[in-house]
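Colleague: Could we go through this model together? I would like to start with the overall picture and then move to individual residues.
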Amino acid sequence: MISKAHGFFKEYDGVDVWTITTDEAVQEIQKKLLAIKTDITKWQQKQNINNNLSATVPYKMERMRNEIKEFMDDLTDYMR
């Protein structure tokens with residue numbers, strides 16, 4: 001049984017799990033959210049420079065922003 005478990009973990013040795021406080025997790029998620037918002041702002045500025053004033057944010061960026069926001073909401077609801 002131990003050899004089977006060892007083989008299982010050997011396949012997934014690229015995944016690291018760290019335990020952190022909820023406050024640290026919130027800070028990390030805030031950093032990721034800020035990075036995504038920055039990317040969206042840069043993209044929008046580039047569109048404005050090209051006179052594409054009615055451009056909508058790409059689906060991938062919008063989805064990333066929404067998923068991070070949802071994760072943040074779940075995390076902060078957990079803290080209450």
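Colleague: Among contacts in the protein chain between residues at least 6 apart in sequence, what share joins residues at least 24 apart?
Modeller: Of those contacts, 70% join residues at least 24 apart, where contact means heavy atoms within 4.5 Å. Please keep in mind that this is a predicted model, in which local features need pLDDT of at least 70 and side-chain atom pairs count only at pLDDT 80 or more, while totals for chains, interfaces and linings use all residues. Residues are numbered from 1 along each chain as its sequence is written, and side-chain values use heavy atoms, with hydrogens and water left out.

Colleague: Which residues make up the largest nonpolar core?
Modeller: That core has nine residues in all, namely A25, V26, I29, L33, I36, I40, I68, M72 and L75. The elements that give two or more residues to it are α2 (22-49) and α3 (59-79), and α2 gives the most, with six residues. A nonpolar core here is a set of buried Ala, Val, Leu, Ile, Met, Phe, Trp, Tyr and Cys residues joined through side-chain atoms within 4.5 Å.

Colleague: Take I40, then: what is it in contact with, leaving aside its neighbours within four places in sequence?
Modeller: With those neighbours left aside, I40 is in contact with V57, M61 and R65.

Colleague: R65 is charged, I suppose; which residue does R65 form a salt bridge with?
Modeller: R65 pairs with E62, the closest N and O atoms being 2.6 Å apart, a salt bridge being a side-chain nitrogen of Lys or Arg within 4 Å of a carboxyl oxygen of Asp or Glu. The two residues are three apart in helix α3, which means that about one helical turn separates them.

Colleague: Is R65 buried or exposed?
Modeller: R65 counts as buried because its relative accessibility is 18%, whereas E62, at 26%, is partly exposed.

Colleague: How many salt bridges are there by this rule?
Modeller: The count comes to three. One of them joins R63 and E67 at 3.7 Å, N to O; these residues are four apart in helix α3, and both R63, at 38% relative accessibility, and E67, at 47%, are partly exposed. Another joins K31 and E28, with the closest N and O atoms 3.6 Å apart, and these two residues lie three apart in helix α2.

Colleague: Is K31 buried or exposed?
Modeller: K31 is exposed, with a relative accessible area of 53%, while E28 is partly exposed at 39%.

Colleague: Changing topic, where is Q47 found?
Modeller: Q47 is found in helix α2 and is buried, as its relative accessible area is 14%. Leaving aside neighbours within four places in sequence, Q47 is in contact with N52 and A55.

Terms used
Buried means under 20% relative accessible area, exposed over 50%, partly exposed in between (1.4 Å probe, protein chains only).
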